[in-house]
Amino acid sequence: MTHASTIQKIFKDIGVDYRDSTDSNALAVHTPIDGSLLGRVKCTNQSEVAAAIARAHLRAQSWRNEPAPRRGAAIRAFGEIVRQHKSSLAQLITLEAGKITQESLGEVQEVIDICEFALGLSRQLYGLTIASERADHKLLETWHPLGVVGIVSAFNFPMAVFAWNAALAMVCGNTLVWKPSEKTPLTAMALNGLLLKACASEGFEPLGMSELLIGDREVGATMVAHPNVKLVSATGSTAMGREVGIACASHFKRSLLELGGNNSAIVTPTANLDLVVRGVVFSAAGTAGQRCTTLRRLFVHRSIYSKLVPALVRAYAGLPIGDPRDPGTLVGPLIDERSFAAMQTALEQVKQSGATVHFGAREIVLGESSFYVRPSIVEMPEQSGPMLKETFAPILYVTPYDDFEQAIEMNNEASHGLSSAVFTQDLREAEIFTSARGSDCGIANVNIGTSGAEIGGAFGGEKETGGGRESGSDAWKAYMRRATNTINYGSSLPLAQGIKFEI
Ligand code: UN1
């Protein structure tokens, strides 16, 4: 069975229409597993983008009037339908993004989890009642939908990141337009198709609820500039986020940016080294180093450096690399040749600077075109050069440190601020790391790696990571506008600040 026929079968199994496009401008989608063709997807042209936004805008006018728990029912149905098709959806992610099956299943689980969270949230969209300084007055905060929320998602989490945004945005009363990565349009078509089916199953008109825009950055740029798109939630590179952020600012539009990360972990002398090895390998080599939360810099106390680094090198030497569909594989392919080239360039650069480079070469080639590498460990005597740049590939830079405060400084030296971790059994170190003078990242963990966050917490980071927060906690507030209401239930009109204005 070819990959392309597996794709046809997956769509048939989940009950979403899909036919290869015969359009001359169709996007050819190839699998990173062996480079073969998965399908051809029609791109959305400019007038179709405008029509899609218009449908979403129109649908938002009535969706906002549905009681939030009713909106939650649509998201509950979405979560249920995704659960029902969990393995087919995971198979699709593996084919299109090259993730190993375990991680693809984890990603689908993340979709299910956020739907459950959003269902609960649909009964908890509450504001404050605030004491008024005036007699017979009260202050309220009420929260209202924004309208159309635009979502830009990346190839590496082709389902979960959309779902974080979609589930929250929809229970908050918004409708969606979604521009997925050009590398993963099939996953997007499948998931969006299921979302619309779920809406219909609860008796909601699906048209305009979530419109898919397939295409390149121009499609994204039109969406970002459109006055009826009230919030743009974008996940991807810092370069993309900078463009989106500036465009949104120039239209006084909200943006929620979840961009790159140059995440680090500190391993202190008291750390449990078995746990460190497992945590580091999952965070640094898992997903072939292609998570925004991937561990890229490791600061190891000099006293344990010569014990830990060889243990990591041994673990890396034994990593099973290959077809992500094989249950034994832990490291699948890089997404494409560009990503491979960026990795090789970074490794060349550090080699020239005299660093010790373990692994990083191409390991196998499956089919006509595929990029499987053995994840690399690079020993750097101090933090410098490419180490301060995010290369979206499995390179782990390891640097010794002497003083804990110095290690925190190195953690904070990166221009990104997404995720960070400390491995320690020393309570003081753990507390300092998570305190105001500790890690400056949006995520600061103790005794676990930098990746693999649960949906219950707010997800996102500082500095060049963009500052946005998605997923759990009170991230829902980004998808609503806040109104402050002052209610006078008396029969006189006292003015605030004691102002007298008698007529
Ligand atoms: C991303 O790589 O864009 O914490 C998101 C994690 C996942 C999400 C990563 N839950 O690694």
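This is a predicted model: local features need pLDDT of at least 70, side-chain atom pairs count only at pLDDT 80 or more; totals for chains, interfaces and linings use all residues.
Local features are taken at pLDDT of at least 70 and side-chain atom pairs only at pLDDT 80 or more, while totals for chains, interfaces and linings use all residues. Residues are numbered from 1 along each chain as its sequence is written, and side-chain values use heavy atoms, with hydrogens and water left out.

To start with the record, an unreviewed UniProt entry lists residues 21-482 as "domain: Aldehyde dehydrogenase". Positions from UniProt are given in the numbering used here, with feature names shortened, and its annotations may be inferred rather than shown by experiment. Over residues 21-482, the chain is 39% helix and 21% strand. Here helices (H or I, at least four residues) and strands (E, at least two) are DSSP runs numbered from the N terminus. The end C-alpha atoms of residues 21-482 sit 43 Å apart.

Serine 21 lies in the loop that runs between helix 1 (3-14) and strand 1 (27-30). With a relative accessibility of 12%, serine 21 is buried; the cut-offs are under 20% relative accessible area for buried, over 50% for exposed and in between for partly exposed, using a 1.4 Å probe and protein chains only. Setting aside neighbours within four places in sequence, serine 21 is in contact (heavy atoms within 4.5 Å) with Ala26, Arg40, Val41 and Lys42.

Next comes a helix pair. The axes of helix 3 (residues 68-84) and helix 6 (residues 160-171) come within 8 Å of each other and cross at roughly 150 degrees. Such axes are lines fitted to C-alpha atoms, for helices over the stretch in contact, and angles run from 0 to 180 degrees between N-to-C directions. The two helices, helix 3 and helix 6, are therefore roughly antiparallel; angles under 35 degrees count as roughly parallel, over 145 as roughly antiparallel, 65 to 115 as roughly perpendicular and the rest as oblique. On the helix 3 side, Ala68, Arg71, Gly72 and Ile75 meet Ala167, Met170 and Val171 of helix 6. Sorted by class, this contact of helix 3 with helix 6 has five nonpolar, one polar and one charged residues. In this scheme Ala, Val, Leu, Ile, Met, Phe, Trp, Tyr, Cys and Pro count as nonpolar, Asp, Glu, Lys and Arg as charged, and the others, Gly among them, as polar.

Arginine 71, found in helix 3, is buried at 5% relative accessibility. Beyond residues up to four places away in sequence, arginine 71 touches Trp63, Arg64, Glu66, Leu125, Met170, Val171, Cys172 and Gly173. Its C-alpha atom is separated by 9.8 Å from that of asparagine 174, 103 residues apart along the chain. Cysteine 172 turns up again with alanine 478: these two are 306 residues apart in sequence but 9.7 Å apart in space, C-alpha to C-alpha. Alanine 478 belongs to the loop between strand 22 (470-471) and strand 23 (480-488) and is partly exposed, at 26% relative accessible area. Its contacts, leaving out neighbours within four places in sequence, are with Leu146, Leu231 and Leu256.

Two residues have backbone angles worth a look. Most residues other than glycine have a negative phi. Phenylalanine 252 is not a glycine, yet its phi is positive, about 50 degrees; alanine 288, also not a glycine, has a positive phi of about 50 degrees. Phenylalanine 252, in the loop between helix 9 (238-250) and strand 9 (254-258), is exposed at 82% relative accessibility. Alanine 288, by contrast, is buried at 2%, in the loop between helix 10 (273-285) and strand 11 (295-301).

Threonine 293 is found in the loop between helix 10 and strand 11 and is buried, at 4% relative accessibility. Not counting residues up to four places away in sequence, threonine 293 touches Asn263, Leu418, Ser419, Thr450, Ser451, Gly452 and Phe459. Phenylalanine 423 sits in strand 18 (residues 419-423) and is buried at 1% relative accessibility.

As for the cysteines, a search of the whole structure finds zero disulfides (pairs of cysteine sulfur atoms within 2.5 Å). Cysteine 441 is in no disulfide, and the nearest cysteine sulfur, that of cysteine 292, is 12 Å away. Cysteine 292 is buried at 13% relative accessibility, and cysteine 441 is buried with a relative accessible area of 13%.
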